[in-house]
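The stops below are meant to be selected in order.

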Amino acid sequence: YIFLPTGFSPNGDGENDALQLEGNFIEEAYWVIYNRWGEKVFSTTDQSIGWDGTYNGQLLSPDVFGYYLTVTCPNEETYTKKGNITLLH
């Protein structure tokens, strides 16, 4: 089970303020988010760290961002996915 929402709204209302990777039995993860110009705005190898919609300390404007995710499970099975995430306000 691996879940990454397709949208979130980091507007400070306490609901969906961070984009978080969720999953059972994730041993290793690499997750990166790019803006429409291919610039990396977020990356992590720690499942407990989510993206708050900022880049260089500034909240980004509403937009669609591309992501790449690769996860390794305890049985050495690897899951890879690419897609889009919508940042709303």
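Contact here means heavy atoms within 4.5 Å. This is a predicted model, in which local features need pLDDT of at least 70, side-chain atom pairs count only at pLDDT 80 or more, and totals for chains, interfaces and linings use all residues. Residues are numbered from 1 along each chain as its sequence is written, and side-chain values use heavy atoms, with hydrogens and water left out.

Colour by pLDDT (the predictor's confidence in each residue, from 0 to 100). The protein chain has a mean of 93, and 100% of its residues reach 70 or more. Strands are DSSP runs of E with at least two residues, numbered from the N terminus. Confidence is lowest in strand S1 (residues 2–3), at a mean of 89, and highest in S5, at 97.

Select Leu19. Leaving out residues up to four places away in sequence, Leu19 touches Leu4, Pro5, Gly7, Phe8, Trp31, Ile33, Gly50, Trp51 and Ile85.

Next, show the sheet. Two strands pair if DSSP finds at least two bridges between them. Five strands form an open sheet with mixed pairing, in the order S2-S9-S8-S4-S5. S2 and S5 are at the edges with a single partner strand each, so one side of each has no neighbour in the sheet. Zoom in on S4 and S8, which pair in the antiparallel sense over seven bridges; Ala29 stands opposite Val71 in S8.

Finish at Ser9, in the loop between strand S2 (7–8) and strand S3 (22–23). Beyond its neighbours within four places in sequence, Ser9 is in contact with Glu15, Asn16, Asp17 and Leu88.

Note on methods:
Helix = DSSP H or I, 4+ residues; strand = E, 2+ residues; numbered from the N terminus.
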